[in-house]
Every structure is written in structure tokens, then in C-alpha cells.
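Please look over the model below. A short report on its fold, surface and selected residues follows.

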Amino acid sequence: MITTPLLEDKYKAQKRLDEEAQHDIAKYVENSRNIVREVEIKYGVRFNYGHRQGGKIEPLAIQTKSA
């Protein structure tokens with residue numbers, strides 16, 4: 001796998017966030033959003049989010065190989 005110092009820092013941050021959330025994706029997202037809010041306040045910036053049309057995304061069905 002190709003890596004750079006920036007990617008290594010990104011992976012470390014993701015791992016730390018995952019551990020703080022105790023491997024709970026909902027908590028991971030909540031923690032990430034809180035960090036973004038803190039950055040917005042601290043630096044006086046505002047991040048814009050795109051809007052997705054439609055309902056919830058359905059999970060993909062797991063395909064199994066048949067013999």
C-alpha cells in the first residue's frame with residue numbers, strides 16, 4: 001500500500017476516533033461532527049454540507065458464491 005506522512009496521520013486519527021467511539025459508527029459520526037463544530041467556532045469558518053435526495057440507503061445484500 002502506498003503511504004505518505006499525511007495518510008499515516010489520517011489513519012491514526014481514524015483509529016483514535018474509532019477507539020473513542022468504542023467501534024460504534026453512530027458515536028464515531030457524532031464525535032466527528034462535534035469536532036467539526038469546534039473547528040467552525042475556533043476558526044470562524046462554516047462548512048456546507050450537500051443535500052441528498054431520497055430515503056435511507058439500504059444495506060447491500062451479501063452475495064455468496066454457490067458451488
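Is glutamine 22 buried or exposed? Glutamine 22 is exposed, because its relative accessible area is 66% (buried means under 20% relative accessible area, exposed over 50%, partly exposed in between, with a 1.4 Å probe and protein chains only).

This is a predicted model, in which local features need pLDDT of at least 70, side-chain atom pairs count only at pLDDT 80 or more, and totals for chains, interfaces and linings use all residues. Residues are numbered from 1 along each chain as its sequence is written, and side-chain values use heavy atoms, with hydrogens and water left out.

**Overall form**

The protein chain has two helices and zero strands. Both kinds of element are DSSP runs, numbered from the N terminus: helices are H or I with at least four residues, strands are E with at least two. The radius of gyration of the protein chain is 17 Å, whereas a compact globule of 67 residues would have one near 11 Å. That radius is taken over C-alpha atoms, and the globule rule is 2.2 Å times the number of residues to the power 0.38. Along the principal axes, the C-alpha atoms fill a box of roughly 60 × 35 × 25 Å.

**Surface and charge**

Buried residues make up 6% of the 67 residues. The protein chain exposes about 6900 Å², and carbon and sulfur atoms supply 57% of that area. Accessible areas come from the Shrake-Rupley method with a 1.4 Å probe; for residues, only the protein chains shown count as cover.

There are 12 positive and 10 negative side chains. Lys and Arg count as positive, Asp and Glu as negative; His and the chain ends are not counted. The centres of the two sets lie 4 Å apart, with each charge placed at NZ of Lys, CZ of Arg, CG of Asp or CD of Glu.

**The loop between the helices**

Glutamine 22 lies in the loop between helix H1 (5–20) and helix H2 (25–43). Glutamine 22 is not a glycine, yet its phi is positive, about 55°. Histidine 23 is in the loop between H1 and H2 too. Its phi is near 65°, again a positive value in a residue other than glycine. Histidine 23 counts as exposed because its relative accessibility is 61%.

Alanine 21 also lies in this loop. Alanine 21 is buried, because its relative accessible area is 4%.

**Helices and the segment after H2**

Leucine 17 is placed in helix H1. Leucine 17 counts as buried, because its relative accessibility is 11%. Valine 29 belongs to helix H2. Valine 29 is partly exposed, with a relative accessible area of 43%. Glycine 50 lies in the segment after H2. At 73% relative accessibility, glycine 50 counts as exposed.

| Pair | Apart in sequence | Apart in space |
|---|---|---|
| Leucine 17 and tyrosine 28 | 11 residues | 6.3 Å |
| Valine 29 and glutamate 58 | 29 residues | 18 Å |
| Glycine 50 and arginine 33 | 17 residues | 15 Å |

**A charge over a ring**

Where does the charged end of arginine 33 sit? The charged end of arginine 33 sits over the ring of tyrosine 49, 4.6 Å from its centre. A charge sits over a ring if NZ of Lys or CZ of Arg is within 6 Å of the ring centre and within 35 degrees of the ring normal.
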